[in-house]
Amino acid sequence: MNNATVPSKSQILAKTNYGINIYAYILHKCFPNDNVVFSLSGRDCGTCRNPFNGGRKTLKIWIEKSAMPEAIYDEYAVHEDSSGTIPHGDVFVFAKLYYGLDGDELMFAIDRDLNLNISDSKGFYSKMDSDGREIVPAVKPIPMFSFYRAPISNITPYRSVTLLDIYTYIKGHYAKERTWKLRSIADAKRRRLYKAANFDYCTFSGVFVSRSDRNIIRHSGLMCLDFDHIANLEDVFNSLLADEYFETQMLFRSPSGDGLKWVVAIDDIGQTPHGEYFNAISCYIRKTYGIGIDSSGKDVSRACFLPYDPDAFINPKYL
């Protein structure tokens with residue numbers, strides 16, 4: 001940011017109706033088809049849809065008056081989630097969940113997106129284009145996507161998560177017993193039924209109100225590629241990690257133990273449809289490694305079952 005003037009919380013609150021406008025902005029971005037995201041009556045916004053809880057009406061927002069001398073402002077907007085999916089906190093806690101940013105970067109992102117014009121433009125917008133106009137630096141949020149409890153017939157997300165959340169889940173004890181149980185079942189049909197009934201799953205490519213392509217709230221910028229029945233699994237695992245074109249975000253073994261789940265980042269998703277990205281990467285994988293990818297991965301709402309894998313890999317930048 002060079003020597004930019006960082007917007008303070010009190011400055012932001014003063015220009016956003018105690019933070020209410022920030023909640024409104026985020027909810028409108030998450031639910032663009034909702035004409036009204038909440039109705040402010042006095043200091044109370046009532047109960048609204050929660051984008052981090054599958055769009056359910058569990059989010060209560062209100063303006064709280066502080067009597068504490070060290071408070072950042074005399075009044076500020078706060079929230080509470082009746083489901084406990086996200087922590088109780090003020091508007092900056094909520095904004096952090098949405099942007100995946102913290103500290104100065106979060107303050108700059110709010111200032112930019114709500115056109116508050118608080119920051120010092122000479123420091124924040126430090127680059128100029130060919131016409132002499134200031135260029136707003138891009139701030140890339142931490143990817144977030146939906147996590148679902150078993151069975152697969154449950155299409156309502158439990159909560160929104162990050163890659164680090166899933167990495168912790170996969171390496172932990174959560175799916176250990178069910179993974180060993182699945183691998184002990186010899187009959188293929190029984191294995192499929194057991195997996196569908198017992199394994200939690202996620203949709204790596206986005207946050208959803210419910211699991212269908214048309215109900216996506218926001219694309220994560222990630223794609224999960226599914227490799228089934230690989231004979232030389234560990235060799236392929238290491239080859240994918242060393243791939244010269246795609247930086248691995250996460251890589252782990254499938255619930256069955258003979259496949260891989262490879263999560264990569266995809267750019268400019270607004271310009272290139274998800275399915276076209278999938279086709280291009282599939283073609284590259286076939287030519288480079290001579291293996292195929294499960295074609296169902298082209299669906300943006302594709303479910304990925306979460307196994308136990310103590311040797312899973314995550315890009316160190318997320319740790």
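Residues are numbered from 1 along each chain as its sequence is written, and side-chain values use heavy atoms, with hydrogens and water left out. In this predicted model, local features need pLDDT of at least 70 and side-chain atom pairs count only at pLDDT 80 or more, whereas totals for chains, interfaces and linings use all residues.

Helices (H or I, at least four residues) and strands (E, at least two) are DSSP runs, numbered from the N terminus. Two strands are taken to pair if DSSP finds at least two bridges between them. In general, the strands of a sheet pair through backbone hydrogen bonds, either parallel or antiparallel.

An open sheet with antiparallel pairing is built from 4 strands in the order β8-β7-β9-β15. Strands β8 (159-161) and β15 (304-305) stand at its edges with a single partner strand each, so one side of each has no neighbour in the sheet. Strand β7, which spans residues 145-148, pairs with β8 in the antiparallel sense over 3 bridges. Within this pairing, Phe145 has Val161 of β8 as its bridge partner. Helix α6 (residues 163-171) lies across β7, β8 and β9 (201-203) and runs at about 30° to β7. Such angles run from 0 to 180 degrees between N-to-C directions, the axes being lines fitted to C-alpha atoms, for helices over the stretch in contact; contact means heavy atoms within 4.5 Å.

Another open sheet has 4 strands in the order β12-β14-β13-β16, and its pairing is antiparallel. Strands β13 (residues 248-253) and β14 (residues 260-265) are paired in the antiparallel sense over 5 bridges, and Leu251 stands opposite Trp262 in β14. Helix α6 lies across β12, β13, β14 and β16, at about 20° to β13. Helix α9 (residues 233-241) lies across β12, β13, β14 and β16 as well, running at about 175° to β13.

The structure holds 12 salt bridges, each defined as a side-chain nitrogen of Lys or Arg within 4 Å of a carboxyl oxygen of Asp or Glu. In the salt bridge between Lys60 and Asp44, the closest N and O atoms are 3.3 Å apart. Lys60 belongs to strand β2 (residues 57-65) and Asp44 to strand β1 (residues 44-49), so the pair ties together parts that are 16 residues apart in sequence. Lys60 is partly exposed, at 30% relative accessible area, and Asp44 is partly exposed at 31%. Residues are classed as buried under 20% relative accessible area, exposed over 50% and partly exposed in between (1.4 Å probe, protein chains only). Asp294 and Arg302 form a salt bridge with closest N and O atoms 3.4 Å apart; Asp294 is partly exposed at 23%, as is Arg302 at 33%. A network of salt bridges links Asp226, Lys261, Asp294 and Arg302.

Strand β2 also holds Thr58, which is buried at 12% relative accessibility. The side chains of Thr58 and Asp81 are joined by a polar contact of 2.7 Å. A polar contact is a pair of N or O atoms within 3.5 Å; within protein, one must be able to donate a hydrogen and the other to accept it, and residues adjacent in sequence count only if both atoms are side-chain atoms.

Rings of Phe, Tyr and Trp (its six-membered ring) pair if their centres lie within 6.5 Å; planes under 30 degrees apart count as stacked, over 60 as edge-to-face and the rest as tilted. By this rule, the count comes to 16 aromatic pairs. Phe52 and Phe94 form an edge-to-face pair, 5.5 Å centre to centre with 80° between the planes. Phe52 lies in the loop between β1 and β2 and Phe94 in helix α3 (residues 91-99), so this pair ties together parts that are 42 residues apart in sequence. Both Phe52 and Phe94 are buried. Phe145 and Phe204 form a tilted pair, 5.0 Å centre to centre with 45° between the planes. Phe145 is buried at 0% relative accessibility, and Phe204 is buried at 1%. Finally, Phe227, Tyr245, Phe246, Trp262 and Tyr284 form one aromatic cluster.
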